[in-house]
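Student: Let's go through this model feature by feature, please. I'd like the general idea each time, then the case at hand.

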Amino acid sequence: MSSAEGSAPAPAAARTLSAGSRPLRRKLGDVAVLTWRNLLHIRREPLQLSDVTVQPVLFTLLFVYVFGSGVALPGGGSYKDFAIAGLLAMNLTTSSMGTAVGLSTDLGSGVIDRLRTLAMWPAAVLVGRSLADLLTAAICAGFVAATGLVIGWRPEASAPSVIAGFAIFLLFSYALSWGCACLGMLSKGPESAQGIGLVILFPLAIVSNALVPTEHMPLVLRTVADWNPVSAVTAASRQLLGNPNPSASIHAWPMQHPVVAALLWSVALIAIFAPTATALYRRRTTD
Amino acid sequence: MPAELMIEVHGLRKRFGATVALDGIDLGVPAGTILGVLGPNGAGKTTAVRILTTLSLPDGGSARVAGYDVVNEAAEVQRQIGVAAQDATLDEILTGRENLLMLGRLGGLRRAQARVRAVELLEQFDLADAADRIVSGYSGGMRRRLDLAASLLTRPRVLFLDEPTTGLDPVSRVRMWDVIRGLVADGVTLLLTTQYLDEADELADRIVVIDHGRVIASGTAAALKAQVGGARLELTLSEADPSAATAIAELVAGPVQVSHDGRRMRAPARSLAGLASIVVRTLDDAGIEVDDVQVHQPSLDDVFFTLTGHSTGEDGNARATEHEEVGSR
């Protein structure tokens, strides 16, 4: 049998380097094209679109009028003003699952194979996905805010501070979507990605200060909630929006320094999950 | 001096766990020609294409496409090739035009170039009317045409088509053949895999037959047919009659195969002028009534049968077991 006379196949790392030599401008172009493609998808998939349009409106109305009637805030303030940042947390956390579902769907179709035969930047698949999901998160936040404004929520801070109050959520949502990208690549298919995503993200959103103040929670839950990144981001946003923030009186470090904690959490999540997602993508697409 | 080889493969190997998909394949495709890679499902065709198109890494051997190594110079290979995979690799939720714009841009075209090229290809592949419809509403034939159009966006020098007509109705198939012929007229080098022998016969300059991850034969369609020998006699009797095989034994050049129902027979034919008439007359004399007599020139199906002892597709397998040898001269 004529065995390998030519060069032995180089390890996969060599290939990644050669494909990665695309100039930065071209890489950004690849990212832009795939972001556009993913946005078209979201626009055309009624379910995905309702996650960032109908759901935020519905959640906002339900929580404000159902929970709001029964929750008394420590330190006073209206539940409505308290709830909007919490609803941003709730909606943005659960909608980051879209990243897992979308990537998992792509991996199961032949589209990724076709992309891999092109001399494009491989990581653009992930970056394009995360940016499209960031834009949909912004739409989602917009719907929550608009609903809030309609029912009487008002931020009590300067314009830059209000903008920062939303931006800090979008940064966190972007960080979470890298975590969800990892999930999407580890799961067998979109359904299981959605199932596992729900099991992780729903408790993450609920066991926090997002919808109710943590001080009456049982000790274990309260400790988890006070250190939950979602609580840090929500408290940071409340502080920046000038809305009631009962967590300010809690002694846990993240509740005392919510903005710093929220930024640290977001940066840490990106630092961990972006390289992990890239490595997982490479592994999933190498055979 | 031999023509430049656009695809050059030496001893290519690939295994998946315990399954050997490619067991040392050698291929060479001169510029501007079509190589047909022929084999049944699971023969290793798709694995070979995946390695050549940088989707899969080989375990051994080497492969160069347009002069570049598929492992170490993958990005350069990617700039030279177009690929239409077996499963359509289109984005179902985008329109035909959007698919082409996306893939053109990612393939390195500028926005304006991609737009112009998309329009050209949509026209060329008769998809202009469907250009702004979402692909999930396309028919099988339209998808294949769009897939092929997508593989041509960057005007590749080497094109890989993995079973381009599998699953198409006969009309779409013939139409696809015309399209493929047109491509080679433009000077593209093409590697085409197929399970259809007539397709390889119709399109390819040279054919490589693969089975169980090895090349078991290669050459032009005519050369392969010559390996099988001469023509084949096929006849159908009105009623089963065991004496028929004996009656025609003198007229054939090998064993007579008889179907289970005893009515159909086939055998290698001797080259006799007026063979069909002679067969009918002989059987008539023996009091055996004949419904149908045909003298076939050998097809690639016969080539495959001769080379491997089993046939290509599911029909072929059915036929292989349906016939049992009843006797030779």
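**Strands, helices and cores**

Tutor: Let's start with one residue: Arg232(B) stands opposite Pro268(B) in E13(B). In E14(B), the bridge partner of Arg232(B) is His296(B). Residues are numbered from 1 along each chain as its sequence is written, and chains are lettered from A and ligands numbered from 1 in the order in which they are written.

Student: In which sense does E11(B) pair with E13(B), and over how many bridges?

Tutor: Two strands count as paired when DSSP finds at least two bridges between them. The strands themselves (E, at least two residues) and the helices (H or I, at least four) are DSSP runs numbered from the N terminus. Here E11 (232–237) and E13 (264–268) of chain B pair in the antiparallel sense over five bridges. E11(B) also pairs with E14 (290–296) of chain B, again antiparallel, over six bridges.

Student: What is the strand order in the six-stranded open sheet?

Tutor: In chain B that order is E6-E7-E8-E3-E9-E10, with mixed pairing. E6 (81–84) and E10 (214–219) are the edge strands, each pairing on one side only. On average, neighbouring strands are turned by 15 degrees against each other, direction ignored. For such angles, axes are lines fitted to C-alpha atoms (for helices, over the stretch in contact), and values run from 0 to 180 degrees between N-to-C directions. E6(B) runs parallel to E7 (158–162) of chain B, joined to it by four bridges, and Val83(B) stands opposite Phe160(B) in E7(B).

Student: Which helices of chain B lie against those strands?

Tutor: Contact here means C-beta atoms, placed from the backbone, within 7 Å. H1 (45–52) of chain B lies across E3, E7, E8 and E9, at about 150 degrees to E7(B). H5 (140–151) of chain B packs on the sheet too, touching E6 and E7 of chain B, with its direction at about 165 degrees to that of E6(B).

Student: How many residues of E4(B) are buried?

Tutor: A residue is buried if 20 or more other C-beta atoms, placed from the backbone, lie within 10 Å of its own, exposed if 12 or fewer, and partly exposed in between. By that count E4 (60–65) of chain B is mostly covered, with five of its six residues buried. Five bridges join E4(B) to the antiparallel strand E1 (5–16) of chain B, and Ile7(B) stands opposite Val65(B) there. E4(B) also forms a hairpin with E5(B), with two residues between them, and Ala66(B) in the turn has a positive phi of about 50 degrees.

Student: Which residues have the most contacts inside the largest nonpolar core?

Tutor: A nonpolar core is a set of buried Ala, Val, Leu, Ile, Met, Phe, Trp, Tyr and Cys residues joined through C-beta atoms within 7 Å. The largest has 156 residues, and Ala181(A), Val65(B) and Ala149(B) have the most contacts inside it. Its largest share, 14 residues, comes from H9 (159–186) of chain A. A second, separate core of 13 residues includes Leu233(B) and Ala267(B). Back at Ala149(B), contacts beyond four places in sequence are Leu100(B), Leu121(B), Leu122(B), Phe125(B) and Leu127(B).

Student: Why is Leu107(A) classed as buried?

Tutor: Because 21 other C-beta atoms lie within 10 Å of Leu107(A). Leu107(A) sits in H6 (97–108) of chain A and touches Ile112(A), Met185(A) and Arg284(A), leaving out residues up to four places away in sequence.

Student: Where does the pLDDT of chain B fall below 50?

Tutor: Over residues 314–329, a stretch with 24 contacts beyond near neighbours in sequence. Where pLDDT is low, the predicted coordinates should not be read in detail. Chain B has a mean pLDDT of 86, with 92% of its residues at 70 or more. For the complex, the predictor gives an ipTM of 0.85 and a pTM of 0.81.

Note on methods: This is a predicted model: local features need pLDDT of at least 70, side-chain atom pairs count only at pLDDT 80 or more; totals for chains, interfaces and linings use all residues. Two residues are in contact if their C-beta atoms, placed from the backbone, lie within 7 Å. pLDDT is the predictor's confidence in each residue, from 0 to 100.
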